[in-house]
Amino acid sequence: MKKTGPVLLLVVQTFVLCAVTLFCVAPVSCRATEEGIVMLAGDYEAPKLRDFSVIDEHTLSLGFNEKVRILNSVVSPQIEGVSDSMEHSSTVSPSPAIEAAGGKNGRIEAEIKAFEDGKNFTVVLEEDCKVGKSYELYGTVADKMGNTLTFCLPFSGFNSSVPQLILTEVQVKYAKGTSGGKEVYRGEFVEFLVLQGGNLGGLELCSGSDGDAKKYMFPAVDVEKGQIFIVHLRTAGSGCVDERENFDEATAPHSVPGVLDLWSDNTGARLNDNADVIILQNGISGIILDAFMYADAKTQEWKAGPGEFAVKAAAAGVYETGDVSEAALCSGVTPLKSFKRKDAGLLREAVLAGEEYVYPVRNSGELWEVEPVSPGTM
């Protein structure tokens with residue numbers, strides 16, 4: 001007769017031992033929540049911020065990937081040199097940047113309203129955020145399991161008066177030389193015509209080759225219908241003055257007396273010499289206002305960066321398809337010759353006469369030619 005008892009006992013003991021071991025190493029725990037003690041099966045992830053946007057002068061929008069509670073929030077002005085400080089505290093006290101985000105140096109009172117889904121929220125500010133000024137939203141949220149997320153979101157004051165602009169001259173070449181025994185620098189620039197006046201705050205100028213990290217961010221400057229102004233994309237040499245009220249301050253090459261000259265503090269190369277796509281966009285909404293595409297005869301298709309921008313330009317209605325065949329041919333462009341929009345002068349005359357255009361204005365390579373550099377004149 002076989003002895004099955006000891007064997008069965010051994011099997012049971014082995015099973016129990018394995019179960020206990022698995023229970024000990026498995027990602028299972030418990031946590032006290034508002035709903036009582038619940039078992040957690042390895043889900044310790046903090047909530048994720050899905051989107052954040054500025055709706056208008058006094059309204060922000062927040063969205064998360066799951067239902068959350070707002071534990072605290074502060075809206076405060078960004079202070080240069082403090083809010084962006086990398087200084088860390090060596091004590092239990094918060095760092096200067098954290099203190100600023102927490103409202104130590106000023107805050108804007110706000111009310112947070114939750115949508116029914118508990119994932120989306122509207123932040124209503126008691127005072128308007130000014131265009132051209134920088135702010136930040138600092139806060140902490142928690143999901144039903146108690147997992148928390150602390151965030152600090154920078155944003156700019158909403159621009160309710162976005163102008164209508166088109167690019168009318170583009171210089172993609174750079175040169176360094178001498179004149180009268182002095183060094184002379186001729187840098188990349190973009191000339192604009194204002195079709196409808198407004199404020200430049202929040203607008204961005206960037207190219208597919210340079211990428212978003214090298215974009216030019218416009219200051220909060222008012223411009224008028226029919227006005228011409230120039231954005232210089234490289235500071236080199238003397239006379240590179242970023243003008244505001246006195247339009248005669250800049251004296252560097254390509255700057256023009258009586259014309260608004262805006263100067264990037266960049267000192268490196270900008271724009272590709274042979275093929276690129278430049279876009280002017282609203283940095284808050286992402287809407288494309290205008291674009292310009294150029295390429296040499298050897299370019300059969302866009303590289304990744306310019307190609308992405310070409311798709312955006314076509315989607316916005318500036319170009320028909322965004323294909324490289326629609327680009328202006330850059331044959332003949334030199335530091336003394338630039339791309340010029342052929343109908344720029346006629347457009348300006350029409351605008352000054354009160355004519356309005358469907359915006360954005362359609363563009364194509366046929367509308368451009370290579371001519372001697374002449375910024376500020378049409």
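Trainee: Which residue in S9 does Tyr138 stand opposite?

Mentor: Strands are DSSP runs (E, at least two residues), numbered from the N terminus, and two of them pair if DSSP finds at least two bridges between them. Here Tyr138 stands opposite Cys152 in S9. Strand S8 (residues 134–142) is joined to S9 by 9 bridges, and the two run antiparallel. The model is predicted: local features need pLDDT of at least 70, side-chain atom pairs count only at pLDDT 80 or more, and totals for chains, interfaces and linings use all residues. Residues are numbered from 1 along each chain as its sequence is written, and side-chain values use heavy atoms, without hydrogens and water.

Trainee: In what order do the strands of the open sheet lie?

Mentor: The order is S5-S8-S9, 3 strands with antiparallel pairing. Strand S5 (69–77) and strand S9 (148–156) are at the edges with a single partner strand each, so one side of each has no neighbour in the sheet.

Trainee: How many residues line the largest pocket?

Mentor: A pocket is an open set of points on a 1 Å grid over the protein atoms alone, where a 1.4 Å probe fits, with protein on both sides within 12 Å along at least five of seven lines; lining residues have an atom within 4 Å of a point. In this model 38 residues line the largest pocket, and Leu203, Glu204, Tyr216, Met217 and Phe218 lie nearest its centre.

Trainee: Which element gives the most to that lining?

Mentor: S15 does, with 5 residues. Elements giving two or more residues include S9 and strand S15 (203–207).

Definitions and conventions. Helix = DSSP H or I, 4+ residues; strand = E, 2+ residues; numbered from the N terminus.
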